[in-house]
Amino acid sequence: MSQELIDYSRKALIFAVQLLGSQSDAEDVVQASVEKALAHPKAPKGGIDLQKWLYRVVRNAAIDRIRQLSREDELDTEQQSSLTQSPERHLEQLQIKARLMTALNALPLMQRELIVLRDYHGNSYEDIAEILAVPAGTVMSRLHRARMALRTLLQEEQASNELNEVNHESV
């Protein structure tokens, strides 16, 4: 490894610590980024281009790590809240998730994948546009329509449930 890459990786480590707030996570990110720099055939070989390229790789890896940690925190929070909340509240949340999944599965595939990519996986509009090979503006408008369709399905399902409750009470 060149001395230049070692110097840039030290600076990149400081950058990663500032982004992640964790020395160990930053070290992992920088190590993976340096490995990429050494293995990637189109990586700049030196100079300011190498530094900018390494910073970009470190930044992207740090963002991925933040997203991963965020998802893990959400899962931990869900598990902890399910342990500390009342059984009634836990059942209510399970029912809401089931209603949401049923409505989501009732959507056409294109609408469902837009909602899943954006709201479950946290992809940016640009990433979704690239994945689906459509313009970002198209992603935004289609996602809006998909969310409106999902809302309509959930409202219809709720109205149906309320009507069934009224019918059962009058019997």
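**Entry 1: aspartate 119.** I looked up aspartate 119 in this predicted model and found a relative accessibility of 42%, so this residue counts as partly exposed. I then asked which side chain meets that of aspartate 119 in a salt bridge. The partner is arginine 147, at 2.6 Å from N to O. The pair links distant parts of the chain, with aspartate 119 in helix H5 and arginine 147 in helix H7, 28 residues apart. Arginine 147 is partly exposed as well, at 32% relative accessibility.

**Entry 2: other salt bridges.** I noted 5 salt bridges in the structure. In one of them, arginine 99 pairs with glutamate 157, and the closest N and O atoms are 2.4 Å apart. Arginine 99 belongs to helix H4 and glutamate 157 to helix H7, 58 residues apart. Another joins aspartate 64 and arginine 67, with 4.0 Å between the closest N and O atoms. These two residues are 3 apart in helix H3, so about one helical turn separates them.

**Entry 3: helix H5 and what follows.** I listed the buried residues of H5 (residues 109-120) as Gln111, Leu114, Ile115 and Leu117. After H5 comes glycine 122, whose phi is positive, near 70°. I also recorded that the charged end of arginine 118 sits over the ring of tyrosine 125, 4.3 Å from the ring centre.

**Entry 4: the second largest pocket.** I found a volume of about 210 Å³ for this pocket. Its lining includes Asp64, Lys36 and Val57. Helix H2 gives the most to the lining, with 6 residues. I sorted the lining residues into 4 nonpolar, 2 polar and 5 charged.

Note on methods
Residues are numbered from 1 along each chain as its sequence is written. This is a predicted model: local features need pLDDT of at least 70, side-chain atom pairs count only at pLDDT 80 or more; totals for chains, interfaces and linings use all residues. Side-chain values use heavy atoms; hydrogens and water are left out. A charge sits over a ring if NZ of Lys or CZ of Arg is within 6 Å of the ring centre and within 35 degrees of the ring normal. On a 1 Å grid over the protein atoms alone, a cavity is a set of points where a 1.4 Å probe fits but cannot get out, and a pocket is an open set with protein on both sides within 12 Å along at least five of seven lines; lining residues have an atom within 4 Å of a point. Grid points are joined across faces, edges and corners, and a volume is the space filled by probe spheres set on the points. Helices (H or I, at least four residues) and strands (E, at least two) are DSSP runs, numbered from the N terminus. Ala, Val, Leu, Ile, Met, Phe, Trp, Tyr, Cys and Pro count as nonpolar, Asp, Glu, Lys and Arg as charged, and the others, Gly among them, as polar. Buried means under 20% relative accessible area, exposed over 50%, partly exposed in between (1.4 Å probe, protein chains only).
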